[in-house]
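Here is a brief report on helix packing, cores and chain contact. The model comes first, the reading after it.

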Amino acid sequence: MTIFFFAIKRCFRNVMNIIFLCVLPILVILMPDEEWLPLPLGFQMYGVILLFAAGRIVSIMMDDRAKGILTRVGISPITHLQYLWQNLLAYSLILIVQVGLVIIAGSLYGHDLIHPFLLFVVYSLFALTAIGFSLAWFSLFRHKETAFAVLIGMVFLMAMAGGMLWPLDMMPELMQRFAMLLPTYWLAESITIVASQGDISELLIPFAMLLLFTIAFLIIGSKRRLA
Amino acid sequence: MTIVYMKDIVKRYGSFRALDHVDLEIEEGTILGLLGPNGAGKTTLIHSLAGLIKIDSGEIYLFGKKLNENIMELKRQIGLVTQEVTVFEDLTARENLEFFGGIYGLRGAELKQRVNETLSFVGLTDKAKSLPTKFSGGMKRRLNIACALVHRPKLLIMDEPTVGIDPQSRNYILDSVRKLQQQGTTILYTTHYMEEVQTIASQIAIMDRGHVIAKGTLDELIENIQHEERIELEVVNEPTSELLVELENLNGVKQVTQDSKNIQVVSSGGAENVDNVLEIIKKAGGVRSVSAKKLTLEDVFLTLTGKTLRDGEED
């Protein structure tokens, strides 16, 4: 588990990562409740922060690839799969712990999170999707800077089109159908179900879709080999 | 014992043959200096040997075992010093070694001991807690080497480990390479610096266009191309064209070149033209200095490949 432990350590060796992992979640908690939103504003936007945080930490692997460190790892008795799953496990753990802390702190702060445990499950699942998405995204690019610059636009586009920033009903029907192709749509859908205290079985389809997105992204992202 | 045995290796990239029926053997405890112009196939050979790329045909045996059938076991016995500095810049020197030791299966007290020994070997003990971003070029190179040594490989592959560093760090690294050899490590060393190979290599292999075109000790390689005599002279008066023609007409002379008052006469081996050349030059005003040039590895390389070693960048 050497790669796993060092992956956790390295996530906190960069100031920007610390901001995304530790500072921005505090802003999520401090944002006010808005009556017109099903959840407090910060929690409504939290998915965007998860996408950025996942992008930040997954880009560490891209750095390793760009700097040729993966060539050195490739010559060791470590397979491509071992390298990937240990890194991804570390990143998943970090984001899931972050989700847990945000939800606990949010509840303690006084936000009405309606069903905190279900919300934890929703965001944890989305954190995995975000990690898969980042892996797939970075596998398409050669340079981290380019990848991250385009990712910023892409995340906001996905958040807007997926109904994370405003209700989907406000958009044309065609756009609403298109939104179903985005993981952010299924996050927004899950949040709405949790916030409206719907039946748990209603979450099965959104969860299954998020899981499918995660698997698809991981498959695409893992195609790029060690060296 | 033969540590590396490569037989009839072919590696293609599309229609281009990066390795074209390469044969190479490295004996235990030797330093093999691998030289080649750009695009010769050195890096492809190294990556094939390290199991990083799959060859199209041929056989590679390491420590008597077939590479593709025992790849994970054999990888434990190989260390690669990459051409670029490939260390984690967000981890300290010690953490870098702990990481690379860890992925080779070292744990606990053994890992700690190896890390300490390796840091001491490359002279970075006092920088163990520093990040590589604070290191000089030479120190980064030493850490780069340390990361390949921490698991004590029996075969160390060094891909241009001294590029872009100061002479002091280069000497330190070359001394370390010699020490490793004395400790029994077999080393495959590629470089663009002829003098490094001349200094440390017990065997030299020259690659060109995907082939190993020559292999042997420095003396053996020189002997193989010693079919020319070169006489270099500095003359008193500017040489006339008649004088140059007269030199060219001497028995066995292959080439006469002139640069200001310097003349180089290349004759076939055994022509023994020194006296004849001096006699002609004396009549034309006299000789200021004369030398019969001793062949070097550079001459061997030039003769065999038709190129100088530093034509462009790495392959």
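## Helix packing in chain A

In this predicted model, α3(A) passes α7(A) in a right-handed crossing. Helix α3 of chain A covers residues 41-66, and helix α7 of chain A covers residues 144-161. Their axes come within 11 Å and cross at roughly 160°. An angle over 145 degrees counts as roughly antiparallel, so α3(A) and α7(A) are roughly antiparallel to each other.

On the α3(A) side, the residues that meet α7(A) are Gly47(A), Val48(A), Leu51(A), Phe52(A), Gly55(A), Ser59(A), Met62(A), Asp63(A) and Ala66(A). The α7(A) side brings Lys144(A), Ala147(A), Phe148(A), Leu151(A), Val155(A) and Ala159(A). By type, the residues of this contact divide into 10 nonpolar, three polar and two charged.

## Nonpolar cores

The largest nonpolar core has 147 residues. Those with the most contacts inside it are Leu50(A), Ala54(A), Tyr91(A), Ala127(A), Ile131(A), Ala146(B) and Ile157(B). Leaving aside neighbours within four places in sequence, Ala146(B) touches Leu97(B), Thr118(B), Leu119(B), Val122(B) and Leu124(B).

## Contact between the chains

Chain A gives 18 residues to the contact and chain B gives 19 residues. On the side of chain A that touches chain B, α1 (2-11) and α4 (69-75) each supply at least two residues. The largest share, six residues, comes from α4(A). This side of chain A divides into eight nonpolar, six polar and four charged residues.

Methods:
Residues numbered from 1 in each chain as written. Chains lettered and ligands numbered in written order. Predicted model: local features only at pLDDT ≥ 70, side-chain atom pairs only at ≥ 80, totals over all residues. Core = buried A, V, L, I, M, F, W, Y, C linked by C-beta atoms within 7 Å. Buried ≥ 20, exposed ≤ 12 C-beta atoms within 10 Å, placed from the backbone. Contact = placed C-beta atoms within 7 Å. Axes fitted to C-alpha atoms, helices over the stretch in contact; angles between N-to-C directions. Helix = DSSP H or I, 4+ residues; strand = E, 2+ residues; numbered from the N terminus. Parallel < 35°, antiparallel > 145°, perpendicular 65-115°, else oblique. Left-handed = near helix turned anticlockwise from the far one by under 90°. Nonpolar A, V, L, I, M, F, W, Y, C, P; charged D, E, K, R; others polar.
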